[in-house]
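Thanks for coming. I will go through one model today, a few features at a time.

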Amino acid sequence: MAVVGKVVDPGRPVSRMVAPVIWRLGTLVAVMAGVSVIGVVLSMQSVNRSTDVIHPTARAHGEVVRSLEDVQASVNGWEVSGSRAFRVDFAMSIAELDAALVDLEDQSARLPDVGPLVDAEVTRVRTWLTSYAQPRMATPGGGASFEQTRFQTGRELMADIVGARTRVDASLEEEEDSAHSAALLRFRVTIVTALLLMGISWILIGRARSKLLSELSEPLLALEKVVQRMLRNDPEGRAADHRGPKEVRAVARALNDFADAQSRARAVEGRIQDELHVLDSAKDDFVSNVSHELRTPLTTISGYLEMVADEFQGQLEPRHDRMLEATRRNVTRLRALIDDLLALSKAEQRASDLEPADVNQMVMDAVTDIRMTAARRGISVEVSAPDDPMMVVSDRAMLYRAFLNILTNAVKFSHDQGSVDVTVKRVRNRVEISVRDHGIGIPKAELDRLGTRFFRASNAMSNEIAGTGLGLRIVQTIIDRHAGDVIIESAEGEGTTVFVRLRLHGERTGRIEATTPGRSDQPVS
């Protein structure tokens, strides 16, 4: 349905009332993001300095200390015992110490304050090595070789190394504390700045909210009341299009245009409904009148055919007998079509005489009426029903017609000497009637056409099974009028099962459904 009126272009710029708020909030969000990123980057720089520079230098310094202790232990062991094993240990420890000293010098080069202290420590270590350790290992070992002067010199040089080592450890600790403090300070500054910006944003949002509420609240509440009136189909519901910002005024004008269009549409719909009622009545009258008018000449034709058959019995040639039989068959088919059209027309009428009726009894009556026809072809009809009555509110004659149509189809499409099973049972608050045959079934491709007028399955026509194509449509219409469901399960060559479900209490719109075994129920148009 087209709505006449001016529509606000969704691509137009945001109104001047909202745009400044959005611009300020966007700027603050961008600043907050920038401050957060910068703070994190700066904090990470301090953390990286500690992780990538200070910690490796400290590890290298610890390796130097460990290697120096190994060298000192080798020298002491040689001096006490004179065992050649200590010379081997000394050579290995010297190699490790040289590598550790080179690594320490490389690592400390990135720390300007620590580098000179490390250089001084390295110098003292090398002095200790050249002035005491290496010369001592070059002389005989053992207790007899002990010299007090040499030993005192070694102790003094080692004391210098320990002092230098202490200064390096203190300097590394200061660097670590400085990096940690810098990272913590930067992080705190970032948090405080972000919180400050959030506070400013909250203040701006509060002010913008107050302004928007003051300028939009009353017009929007008025629009809401108008919409509520429109939902109640109040034809006089219109919005005031002169209040609030221009966007709200545009919405109010569009709403008024929509209300005008709805009023025009309701008027057109009313006229169409009246015309449809007239056409529906005319159709029903036409079908009823034509059917009644056709019945009289058909009865006359049928009577004359019987008279001709009786008068010329045994005198007609075979081809005349075949012509007479074909005429009788088509008259019977036309009478069945007229009866079905009248039944469908009556079923589609809106008014029905409803009264409580026992479904069990109606099903048993329909089975009794169909058993004679079934017996001619050797088809047995078995019924399983509870003893208790199954009462439904129904048009007794029409519902009986629906059951009779279903049973007639089951017998018609069964094979000779076959069987039809009828079951009546209660399912919660419903009664379910199922009619199962083991006949020709319905092709899968044609299941979705079930229930349409004059539809007949292709295998029914190929087997020359008589029918008008209205029986299932009549069933559907009658069950719909009784707020029930029709469900069909069928497989070609295996048979068909028709389920009719009627509420013992309450109402629900019926529908016809068709399924193949193993598939869920699907509605058929």
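**Strands, turns and surface patches**

Strands S5 and S7 pair in the antiparallel sense, with seven bridges between them. Before I go on, please keep in mind that this is a predicted model.

S7 has another partner. S6 and S7 pair in the antiparallel sense as well, over seven bridges. Here Val 486 has Val 500 of S7 as its bridge partner. The hairpin of S6 and S7 has three residues between the strands, and in that hairpin Gly 493 takes a positive phi near 85°.

How many of the nine residues of strand S7 are buried? Seven are, so S7, which runs over residues 495–503, is largely enclosed by the rest of the structure. Buried here means under 20% relative accessible area.

Now to the backbone angles. Most residues other than glycine have a negative phi. Two residues in this model are worth a look on that count.

Arg 428 is not a glycine, yet its phi is positive, at about 55°. You will find Arg 428 in the loop between strand S4, residues 419–427, and strand S5, residues 430–437. Is Arg 428 buried or exposed? Its relative accessibility is 74%, so Arg 428 counts as exposed.

The other is Ala 483, again a residue other than glycine, with a positive phi near 55°. Ala 483 lies in the loop between helix H10, residues 471–481, and strand S6, residues 485–491. Because its relative accessibility is 10%, Ala 483 counts as buried.

That leaves the surface, and helix H4.

Which residues form the negative surface patch? They are Asp 113, Asp 169, Glu 173, Glu 174 and Asp 177. Of these, Asp 177 is found in helix H4, which covers residues 148–231. With 44% relative accessibility, Asp 177 counts as partly exposed.

There is also a nonpolar patch on the surface, formed by Phe 187, Ile 191, Leu 195 and Met 198. Together these four residues have about 400 Å² of accessible area. Phe 187 has its place in helix H4. Its relative accessibility is 46%, so Phe 187 counts as partly exposed.

To recap the strands: S7 pairs in the antiparallel sense with S5 and with S6.

How values were computed: Residues are numbered from 1 along each chain as its sequence is written. This is a predicted model: local features need pLDDT of at least 70, side-chain atom pairs count only at pLDDT 80 or more; totals for chains, interfaces and linings use all residues. Side-chain values use heavy atoms; hydrogens and water are left out. Patches are made of residues with over 30% relative accessible area and no salt bridge: like charges are joined within 9 Å, nonpolar side chains (Val, Leu, Ile, Met, Phe, Trp, Tyr) within 5 Å. Accessible areas come from the Shrake-Rupley method with a 1.4 Å probe; for residues, only the protein chains shown count as cover. A salt bridge is a side-chain nitrogen of Lys or Arg within 4 Å of a carboxyl oxygen of Asp or Glu. Lys and Arg count as positive and Asp and Glu as negative; His and the chain ends are not counted. The place of a charge is taken as NZ of Lys, CZ of Arg, CG of Asp or CD of Glu. Helices (H or I, at least four residues) and strands (E, at least two) are DSSP runs, numbered from the N terminus. Buried means under 20% relative accessible area, exposed over 50%, partly exposed in between (1.4 Å probe, protein chains only). Two strands pair if DSSP finds at least two bridges between them.
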